[in-house]
Amino acid sequence: MNVTIAYAEERHAVIAAQRRCWEQKMQSGNGGNVSVRVAGSDLMAVKATDCSFQGEDVEAVVIARLTGALVDGTRTPTKEALLHGAIYAARADVNAIVHCHSPWAVGWSLTGRAIPNVTYHSELKLGGPVPVIDTGSYSVAAHQIDTVLAGFDSASGLRAVVLQGHGLVAIGRDIDDALCTAELVEETAHIAFVGSMLGER
Ligand SMILES: [Zn+2]
């Protein structure tokens, strides 16, 4: 019997993106979450809570309203669905979000300093140091969402922030754009660390 999966394209986009993060060791265990906007609606496909980036089960991705309310799926949306939805609500240009606990970016965030654009490529693509925001928790509370949104400086085109001791959040016009930004932030944090060990910065 064929069972039709609602929003299959969006669900598979989330799964493929999460798999790419997992393969690059940007997320292990069951942390992090990726979402994509369902075009022309107030819906998003977002990872369910307690699911791994490694998995390929479409049930691990649910369809939720931008408020975080479940619309389609058998599992509970990630606790960070509220943050994803708030970003989509505030930024019509954003259609995908990658949030992962990538070790170089999170390691650098412990300094409390923004990740500097230490390479020509990061300077070109990131458009400024990546801000580090301390929410004092493993998650982003409703009253902290505006602070995170302010970290995405639309004037300079900056499309990433790092939550201190937690993980990076990258936004994009599509899922590949958000992934490339997340990867560039992680790469830049790694290179910045190497440079600092060599006494360059
Ligand atoms: Zn997280």
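## Salt bridges in the model

A salt bridge is counted here where a side-chain nitrogen of Lys or Arg lies within 4 Å of a carboxyl oxygen of Asp or Glu. The structure is a predicted model, and by this rule the count comes to nine salt bridges.

## R19 and its partners

R19 forms a salt bridge with E56, and the closest N and O atoms of the two are 3.5 Å apart. This pair links distant parts of the chain, since R19 belongs to helix 1 (residues 8-23) while E56 sits in the loop between strand 2 (43-47) and strand 3 (61-65), 37 residues apart.

R19 is partly exposed, with a relative accessible area of 23%, whereas E56, at 55% relative accessibility, counts as exposed. R19 and E56 also belong to a network of salt bridges that includes E23.

R20 and E183 meet through their side chains in a salt bridge, with an N to O distance of 2.8 Å. E183 counts as buried at 19% relative accessibility, while R20, with a relative accessible area of 25%, is partly exposed.

## D42 and strand 3

D42 forms a salt bridge with R65, and here the closest N and O atoms are 3.2 Å apart. Because D42 lies in the loop between strand 1 (33-38) and strand 2, and R65 lies in strand 3, the pair ties together parts that are 23 residues apart in sequence. D42 counts as partly exposed at 39% relative accessibility, and R65 counts as partly exposed at 37%.

Terms used. Residues are numbered from 1 along each chain as its sequence is written. This is a predicted model: local features need pLDDT of at least 70, side-chain atom pairs count only at pLDDT 80 or more; totals for chains, interfaces and linings use all residues. Side-chain values use heavy atoms; hydrogens and water are left out. Helices (H or I, at least four residues) and strands (E, at least two) are DSSP runs, numbered from the N terminus. Buried means under 20% relative accessible area, exposed over 50%, partly exposed in between (1.4 Å probe, protein chains only).
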